[in-house]
Amino acid sequence: MDSGLAAVLGATVGALGTGATGLAAALLARSTARHQVLSENMRALRESRRATYLAFAETHERYLDMLSTTLIPLSRVERFPDQREEWITKAHKRWDQALKYRQNEVQKIRAVLYLDATRPVAEAALEVTARFVLLSGATRRTFEALMGQGLDTGPITPPRPGYVDMLAEDGLDPETPDLDVLQDRAREAYNAFLRTAADAVGENGLRH
């Protein structure tokens with residue numbers, strides 16, 4: 001092979017090698033950029049969910065505290081018969097405040113969470129909702145039994161079938177459910193939500 005042909009072949013091979021190297025570098029850069037974008041999107045999604053889960057937890061912690069403070073005066077009704085009406089009135093006022101809070105803040109954050117939650121977190125949130133509604137409903141039934149009438153609609157009406165079924169599944173009497181047991185189970189559901197949500201968002205859990 002003469003020197004001119006060798007030079008041409010060498011230049012061609014070199015050019016091909018440079019082109020292949022350049023293509024590989026471009027593909028690698030594109031893959032790296034795509035990975036960075038995906039990682040950033042996933043990080044932003046986790047942070048968004050962490051904020052939503054934390055807001056749900058804080059709102060429901062407040063709601064549970066409001067329901068719990070309702071039970072304190074209720075527990076004193078039988079112990080202090082001379083102040084019976086006073087304790088019922090105090091308990092009813094606190095329960096009414098909790099109900100308004102649920103209708104406003106609690107319902108709002110639930111709607112946001114269900115739009116943004118993973119399935120395990122959404123299921124844990126539904127269990128929290130069910131337990132809190134049971135506690136609130138049972139507290140209302142207790143008021144009605146003490147007063148001998150419904151709080152809003154006159155004579156006491158039978159509780160809804162779903163409410164009765166859920167209490168029966170828990171081994172509780174729908175007419176006189178144990179509020180302390182319902183409170184404990186509401187707290188258990190809330191703590192289970194915290195664990196599920198923390199697992200879903202990773203190593204930082206639900207910390208700020």
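Tryptophan 87 is buried in this predicted model, with a relative accessible area of 12%. That falls under the 20% cut-off, so tryptophan 87 counts as buried.

**Aromatic pairs**

The structure holds three aromatic pairs. Two of them are set out here.

| Pair | Distance of ring centres | Angle of planes | Kind |
|---|---|---|---|
| Tyrosine 63 and phenylalanine 132 | 5.6 Å | 50° | tilted |
| Phenylalanine 80 and tryptophan 87 | 6.4 Å | 45° | tilted |

Why tilted? Planes under 30 degrees apart would count as stacked and over 60 as edge-to-face, so the rest go down as tilted. With planes at 50°, tyrosine 63 and phenylalanine 132 land in that group, and so do phenylalanine 80 and tryptophan 87 at 45°.

The pair of tyrosine 63 and phenylalanine 132 also ties together distant parts of the chain. Tyrosine 63 sits in helix H1 (residues 3-75) and phenylalanine 132 in helix H3, 69 residues apart. Both tyrosine 63 and phenylalanine 132 are buried.

**Valine 77, in the loop**

Back to tryptophan 87 and a neighbour of its own. Valine 77 lies in the loop between H1 and H2, and at 2% relative accessibility it counts as buried. Along the sequence, valine 77 and tryptophan 87 are 10 residues apart, while their C-alpha atoms are 5.8 Å apart in space. Leaving out neighbours within four places in sequence, valine 77 touches Arg84, Trp87, Ile88 and Leu146.

**How H2 meets H3**

Now for the helices themselves. The axes of H2 (residues 84-116) and H3 (residues 119-147) come within 11 Å and cross at roughly 160°. An angle over 145 degrees counts as roughly antiparallel, so that is how H2 runs relative to H3. The crossing of H2 and H3 is left-handed.

Who does the touching? On the H2 side, the residues include Arg84, Ile88, Trp95 and Arg102. On the H3 side, they include Val133, Ser136, Phe143 and Leu146. The residues of this contact between H2 and H3 divide into 13 nonpolar, four polar and four charged.

**Serine 136**

One of the H3 residues in that contact is serine 136. Is serine 136 buried or exposed? At 3% relative accessibility, serine 136 counts as buried. Apart from neighbours within four places in sequence, serine 136 is in contact with Tyr63, Leu67, Trp95 and Arg102.

Technical notes. Residues numbered from 1 in each chain as written. Predicted model: local features only at pLDDT ≥ 70, side-chain atom pairs only at ≥ 80, totals over all residues. Heavy atoms only, no water. Axes fitted to C-alpha atoms, helices over the stretch in contact; angles between N-to-C directions. Helix = DSSP H or I, 4+ residues; strand = E, 2+ residues; numbered from the N terminus. Parallel < 35°, antiparallel > 145°, perpendicular 65-115°, else oblique. Left-handed = near helix turned anticlockwise from the far one by under 90°. Contact = heavy atoms within 4.5 Å. Nonpolar A, V, L, I, M, F, W, Y, C, P; charged D, E, K, R; others polar. Phe/Tyr/Trp six-rings, centres within 6.5 Å; stacked < 30°, edge-to-face > 60°. Buried < 20%, exposed > 50% of the residue type's maximum accessible area, 1.4 Å probe, protein only.
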